[in-house]
Structure formats: C-alpha cells, structure tokens
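Colleague: I've got a new model on my screen and I'd like to learn how to read it. Could you take me through it?

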Amino acid sequence: MSFAGGCQCGRVRYQADGPASLRVCYCRMCQKASGGPFMAFVRFPQAAVHWTTLPELFKSSNLVERGFCRECGTPLSYHEIGGPNINVTLNSLDDPTAIPPTASFAASQKPDWLDHLDRLPNEEIDLTGEAGFVNNQRG
Ligand SMILES: [Zn+2]
Ligand SMILES: [Zn+2]
C-alpha cells in the first residue's frame with residue numbers, strides 16, 4: 001500500500017510504501033509534542049519513507065527524535081534512535097482514514113473525558129464560505 005503526506009504549509013512532503021501499522025500513544029511526551037491528548041503514528045520500515053525535504057529533529061529523550069516542519073510546526077515523525085522503523089503522524093497523511101489503529105501505548109495516561117467526546121454537543125464548521133477567508137494550508 002502506498003501513502004503520501006506532509007506538513008500544513010507544504011514545505012515537507014513524504015511518500016511511503018507499506019507494510020504499515022497504526023498505533024496511538026497517550027504518554028505525556030506525546031501529549032506535549034502534539035499539544036493534544038494523544039498522538040497517532042503510522043509505522044514503516046525506515047527505508048520505506050522518502051522525504052522531499054527532511055524535517056527538523058528534536059530529541060525528546062536520548063532514545064527518540066521527533067521530526068517537525070520548521071516553518072509551520074506540524075509534528076511529522078517519531079523515530080527510536082538506532083531502530084529499524086520510522087513513524088509518521090497519522091493526520092499528516094493526505095488520507096488519514098487509510099489505516100485503522102491496532103494497538104495503543106500508555107493508556108493509563110489517557111484523559112478520562114476522551115471516552116465521552118461523542119456525547120458532546122457538536123457544531124459543524126466550514127470556513128471556506130466565509131467572506132475574506134484565506135486558507136494557507138497546502139495539501
Ligand atoms: Zn510546514
Ligand atoms: Zn508516546
């Protein structure tokens with residue numbers, strides 16, 4: 001299976017061919033790195049991922065480096081240093097519905113409210129029809 005994706009501004013793009021698998025992680029470091037309650041990562045063999053421009057790297061520990069776009073800040077990758085795989089962030093894919101999750105990490109750090117999101121009042125949003133709206137997202 002073939003996947004493509006990139007950051008919000010379009011500076012960093014990648015293409016990858018499977019095998020791929022999706023995992024979510026609720027650990028505190030993934031929460032900080034994403035700014036959200038969890039991260040979702042699609043795992044590939046490292047040689048399967050081809051970047052148009054390499055992302056900037058931040059070593060969140062001595063074991064892990066996380067890639068991001070220096071222009072727009074989009075989190076893009078997670079790599080265990082010296083390991084055989086690289087993970088790309090699920091929603092940086094052009095089609096984030098392409099693969100379902102099969103496992104999670106650190107579920108004990110998941111916020112309790114996450115299980116109840118589908119019960120919240122919801123309002124659909126579509127800014128594309130708003131006067132003066134300019135979308136700077138590429139891809
Ligand atoms: Zn970018
Ligand atoms: Zn994590």
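Here is our chat about this model, from the whole chain down to single residues.

Modeller: Quick note before we start: this is a predicted model, where local features need pLDDT of at least 70, side-chain atom pairs count only at pLDDT 80 or more, and totals for chains, interfaces and linings use all residues. Residues are numbered from 1 along each chain as its sequence is written, while chains are lettered from A and ligands numbered from 1 in the order in which they are written.

Colleague: How many helices and strands does the protein chain have?

Modeller: Both are DSSP runs numbered from the N terminus, with at least four residues (H or I) for a helix and at least two (E) for a strand. Reading from the N terminus, the order is β-β-β-α-β-β-β-β-β-β-β. That comes to 1 helix and 10 strands.

Colleague: What is the radius of gyration of the protein chain?

Modeller: It's taken over C-alpha atoms, and the globule rule is 2.2 Å times the number of residues to the power 0.38. For 139 residues, a compact globule would come out near 14 Å, and the chain's value agrees with that: 16 Å.

Colleague: In what order do the 3 strands of the open sheet run?

Modeller: Strands pair if DSSP finds at least two bridges between them. S1 and S2 (residues 13-17) pair in the antiparallel sense over 5 bridges. Strand S1 (2-6) and strand S5 (49-51) are at the edges with a single partner strand each, so one side of each has no neighbour in the sheet. The order is S1-S2-S5.

Colleague: Is Glu56 buried, exposed or partly exposed?

Modeller: Glu56 is in strand S6 (residues 56-59). Leaving aside neighbours within four places in sequence, it's in contact (C-beta atoms, placed from the backbone, within 7 Å) with Gly67, Phe68 and Arg70. Because Glu56 has 15 C-beta neighbours inside 10 Å, it counts as partly exposed.

Key: Buried ≥ 20, exposed ≤ 12 C-beta atoms within 10 Å, placed from the backbone. Contact = placed C-beta atoms within 7 Å.
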